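Have it open beside you while you read.

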Amino acid sequence: MSQLETPLFDVLLKHRNRHPIQFHIPGHKKGHGMDPAFREFVGDNVLSIDLINIAPLDDLHSPKGAIKDAQALAAEAFGADHTFFSVQGTSGAIMTMILTVVGPGDKILVPRNVHKSIMSAIVFAGAIPIFIHPEVDSEYGISHGISAEAVEKALNAYPDAKAVLVINPTYYGFSADLKRIVEIVHRRNIPVVVDEAHGVHIKFHDELPYSAMEAGADMAATSVHKLGGSMTQTSILNVREGLVSAKRVQAVFSMLTTTSTSYPLLASLDTARRQLAIHGYDLIGDALRLAKDARKRINQIPHLKCAGKEKLHSSATYDMDPLKLLISVKDLGISGHQAEEWLRHNANIEVELSDLYNILCLVTLADTKKEINLLINALSRMSKAFDSEAAITETVVNVPEIPALAMSPRDAFYADTEVVPLAEADNCICAEFIMVYPPGIPIFIPGEIITQENIRYIQMNIEAGLPVQGPEDTTLQTIRVIKERRAII
């Protein structure tokens, strides 16, 4: 097969052009049974391939035809031995990855700044997370990756660990020395699994960090929809045979994936892979030039600062993706959340995320000079709007200590619980997740001992207008804890 081919998309078009009489789901049957307003908006083309896993179209749970071929082409493009398509997002791929490598009581080393899907998978597995502190950036007030030295130290402390998880790159675009980490971990004969949600494109240009497969990782969950051109909710799971069995991955994947898989979503994965494989280098090159121009111009705007290669100084910040524009707004005297709101209401611009000090803007294959100029113009106007409040502000990196784990996350999640006021929960054992989302970094996970320091951190994020999520009580006045009130240490 050639990377020019799209076997799954082609078989869908061929099936549609036969105009078969459908006596199967979905019930809208090419849109004819659908609300007319929605049908007119979406269009008949996409509805005509909204089909189900009948024999001519193959089955994601047991691929033998077009899906098998499409996944094989993706594996070739990404440098994997096997690639699995996910219509459950990267969250589904991450859960598959973790449930493949750890089970009840197994230890897995993970950075603290992990996505909530990782912690959910650890609860499902009954595994024990061993957290590694990511490197903290005192200038931008963010967490980067984990260093190779920290991984080696953790493996020495926990020689019975069954797997190591690495984020490559982070949400903010920074990558650790993944090749070195893989070498360290593989000397112990245990797998390295990678959350590569924000790195689908890095394989396709030599000015970007190493991809997980290039670095020798065993598995990588990769969002194609985020930066690769496919539809929202579509991702892939790349697998390297050896320490991981692809058959085991398929078995776990099938347990977690809907049997009513969306063929328009799968087809968008097939075609996005073709575009990346054939045109990715040129398209990414164009985006890199736009991002370079944007970074230079942002750094010329008073009171703003956009992170660049000057931040690379350790094995935790070994490389970066220049397409991520991390823009510090703290010297304007406002928070990232306030900047996000200002851009929304005054420039009709939506950013990827905001935090206490920064906003994050993504440059992708879709952008042109027009969008970059609009962004620069808006940031310049925002700088002028807050000029009277601007002042050099010291970044206060207030990342609390990782709470002690008193019991496994799964045991805590399923334990007898009660609700107590958050202000009075000091020294109780948390029974739910609390995180700042995006990007979904946990403040507490089930089983951790609540501390006053972390309670203050929650309140600080709320006061800054940042989205603290997870607990049943969305007002965060109360928290669910296990009934055995005092922690067992």
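1. Ground rules first. This is a predicted model, with local features needing pLDDT of at least 70 and side-chain atom pairs counted only at pLDDT 80 or more, while totals for chains, interfaces and linings use all residues. Residues are numbered from 1 along each chain as its sequence is written, and side-chain values use heavy atoms, with hydrogens and water left out.

2. Start with helix α5 (residues 89–101) and helix α6 (residues 116–125), whose axes come within 9 Å and cross at roughly 40°. Helices here are DSSP runs of H or I with at least four residues, strands are runs of E with at least two, and both are numbered from the N terminus. Axes are lines fitted to C-alpha atoms, for helices over the stretch in contact, and angles run from 0 to 180 degrees between N-to-C directions. That angle is why α5 and α6 count as oblique to each other; the scheme calls angles under 35 degrees roughly parallel, over 145 roughly antiparallel, 65 to 115 roughly perpendicular and the rest oblique.

3. What makes the contact between these two? On the α5 side there are Ser-91, Ile-94, Met-95, Ile-98 and Leu-99, and α6 brings Ser-117, Ile-118, Ser-120, Ala-121, Ile-122, Phe-124 and Ala-125 (contact means heavy atoms within 4.5 Å). By class, the contact of α5 with α6 has nine nonpolar residues, three polar and no charged. The classes are Ala, Val, Leu, Ile, Met, Phe, Trp, Tyr, Cys and Pro as nonpolar, Asp, Glu, Lys and Arg as charged, and the others, Gly among them, as polar.

4. Gly-33 is 87 residues from Ser-120 along the chain, and their C-alpha atoms are separated by 37 Å.

5. Now the other pair: helix α12 (residues 336–347) packs on helix α13 (residues 369–385) at about 115°, with the axes 11 Å apart. So α12 and α13 are roughly perpendicular to each other. The contact uses Ala-339, Trp-342, Leu-343, Asn-346 and Ala-347 of α12, plus Ala-378, Leu-379, Arg-381, Met-382 and Ala-385 of α13. Eight residues of the contact of α12 with α13 are nonpolar, one is polar and one is charged.

6. On to domains. The assignment, which comes from an automatic or database source, gives domain 1 (281–391) and domain 2 (409–482). Their centres, taken over C-alpha atoms, are 31 Å apart. Seven residues of domain 1 touch five of domain 2, and the area buried between domain 1 and domain 2 is about 480 Å², 76% of it from carbon and sulfur atoms. Buried area is the accessible area (1.4 Å probe) that two parts lose on being put together, summed over both. On the domain 1 side, His-337, Leu-353 and Leu-356 supply 77% of the area buried against domain 2, more than any other three residues.

7. Finally, the backbone. Ile-25 and Pro-26 are joined by a cis peptide bond with omega about 0°, and Pro-26 lies in the loop between α1 (7–17) and α2 (36–42). Another cis bond links Asn-168 and Pro-169, with omega about -10°; Pro-169 is in the loop between β6 (163–167) and β7 (174–175). Asp-58 is not a glycine, yet has a positive phi of about 70°, in the loop between α3 (44–48) and α4 (66–78).
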